[in-house]
Amino acid sequence: MHSFMSVDPALLRLSETVGLEPAWQDVHGQMHQVKEPILRSMLDTLGLPCGNAQQIADSQCELEQSGLSSPGAMLIVDVDEPPVFAYAGPLAYVLNLEDGSQYAGMANSVGPGMASIRGVQQTGYHQLLIGPLQITLAVAPKRCPSIDDIAGQRDTCHWGISAQVYSLSRVSESASGNLPVWPGWTSGGDFGALARLARHAGQASASALAISPVHAMFSADPQRYSPYSPSSRLFLNVAYIDPAIVMGELEVSQATRELVADWNGDKARRASVVDWNCILPKRLALLRQLFDRFRRQAADALVERYTAFRRQGGEALESHARYEALHAHYRAVLGPASGWQDWPAQLHDPLGQCVQAYAMQHEADIDFHVFLQWLADEGLRHVQDSARAAGMSIGLITDLAIGTDPRGSHAWSRQGEMLTGVSVGAPPDLYQSRGQYWSLTALSPRALRQNGYIAFLETLRAALRHAGGVRIDHILGLARMWLIPQGASPVDGVYMRYPRADMMRLLALEAWRHKAIVVGENLGTVPEGFNDTLRQQGILGTSVLWFERSSAGFLPPHEWSAHAIATTTTHDLPTLAGWWEARDLDWRERLGQIPDGAAAQQRDIRKHEKTALWKALRDAGCISSPDTGLPVAAPREAILEFVSSTPAPLVIIPLEDLLGLIEQPNLPGSEGADPVAHPNWVQCLPAGVDGIFSRPDVRRSIDAIKHGRRHS
């Protein structure tokens, strides 16, 4: 039993009641006690004063008395599960179902101050009226949809690809490429290129196209381009707009000719990296020209679509547009890296009079950012429509980042829903010995319960809006998150428990309503029993080749999980070619991430790992040639067949591995390192989207995937 003798027992009780875990176990099984100042800091952040004994007692009382009486509270149950709630009064009730039907009945008293009604068979969001209470009753299905539920038939051959959207190129290998290239679109992906990729992949029999997050970034700061550090998860990255999807190629060409800017030399050629500092201003300039033309002469049908989108977006859309305009307004004075906390205090309230006055005075700027979100939304819809039209049974699998930049739109517009003064991160583990500080804020679990989970629901709905699936980054965050006080070391954090059962039920409900599968990134320090919970909820985990090992070597395909997608790698890990050639070790040594004198040992370990993988490939029948020793280059096709022959219901192969690329998209912990940073989140693919699937090596790779799937 771990001892907490040095910590105030009342403080411990308050911490545990609100969900803070006063102790944590590291990857080596060693227990660590959270320092008392860390607990006090976190309690203050959660709005629970704890400076003295009386404050602790008052905060404890506040927690114990909160419940369904809170405005906007929600009761979440499984289908047919009798809802139980705190109530003492007349037992007659009325239940208004979401479909408009109504039922009346008598509740049962199930204990002092507790009541229950019979289970509800219809899933959805219903209204329970009993006495003075009005309770939103969310009735969830038992699990998320499976791939078979979505596809409509049982099939073990599902496979797909994953892509970093920014890496895609509209520029074809030949001058006869069909995608138009405007100034600013010569490199850096967009939804038009992504739609073409979806069509090619679907025609090659892929079932899914998984993409990196396309959340809204900062249009006034092109340097903030990491897809996992967005401004808002409610809206989309306007850098990915293909304006021709909505406006038509002729209109875009005419707007281009009207621009005064000198873009000579902006040739249509592929680049090796995306220079957002150069590209994004050009894209925004053309989009502003299109917006001005739209305001002057748009067809009535287009105006009606835009107006309907704006009306549907409501307050959240208006707030995001105002944030974008304000951020651009204050950029000259405060710098592009500034956030809403740096603005004048009267602008900190997104619904305040000063913000309303600014919006009225800068109406065109606000309208422009709404217009951008409309174009982006229509673009992503076009991608999913293209995927399904090409035969994909799932189509897009979007990616939901774990949090947002605390300086951004989401944190500004949802201040009451967000944690402040802390960052999400990770404790030290086998791969990051110093832990990780992600500089992200996250939803407050206390606010989620008090406000009927609306912030979680609107985030989920945004991710599922135009998708057949969603990947939830660091899905362990539905159970607990490692939170680090601002300025502290990652080791000086604390785990905060989240209402896992409620959030997973809502996830299942929304997944069914959107007809989408759910994939969880369950890598890292996984709480005991969490993977079992994922299986029970129908949430697919993630099996990565580099981690599927035992003391005897790499696991044979039949021992991989049947409840997880299978993949060769992730964006944060080496590609097949990079791992085989130890490119990741080259970078880590160059950046000082490998201790002095350990590099040779790491390379020796990698050589033994390659031998183990080679043996596993042979044992699985993926290599039939005579054994002449390890090949110089990675046996790409054999590895793809190996991973594809696992019992996973879906195999996802990154484009980087289809193309045999050596560099991984992101090397964690390498930003701004000396002497040079790894090119994170900017690398372009060496082929245009219309040329990828015609390459002989890619065709051989796809044949290997299909062969493995048939034998899975």
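Student: Which exposed residues does the face of α3 turned away from its buried side carry?

Tutor: This is a predicted model, in which local features need pLDDT of at least 70 and side-chain atom pairs count only at pLDDT 80 or more, while totals for chains, interfaces and linings use all residues. Residues are numbered from 1 along each chain as its sequence is written, and side-chain values use heavy atoms, leaving out hydrogens and water. Exposed means over 50% relative accessible area, buried under 20%, and partly exposed in between, with a 1.4 Å probe and protein chains only. On the face of α3 turned away from the buried side, the exposed residues are Q54 and Q65.

Student: Why do the buried residues of α3 line one face of the helix?

Tutor: The buried residues of α3 are I56, S59, Q60 and L63. Seen down the axis of α3, with directions taken from the helix axis to the C-beta atoms, these buried residues line one face because they fall within an arc of 100°.

Student: Which helices do the buried residues of α3 pack against?

Tutor: Contact here means heavy atoms within 4.5 Å. By that rule, the partners of the buried residues of α3 are α1 (9-18), α2 (36-45) and α13 (445-450).

Student: Which residue of β16 does A210 stand opposite?

Tutor: Two strands pair if DSSP finds at least two bridges between them, and β13 pairs with strand β16 (residues 395-400) in the parallel sense over three bridges. A210 is a buried residue of β13, and opposite A210 in β16 stands I397.

Technical notes. Helix = DSSP H or I, 4+ residues; strand = E, 2+ residues; numbered from the N terminus.
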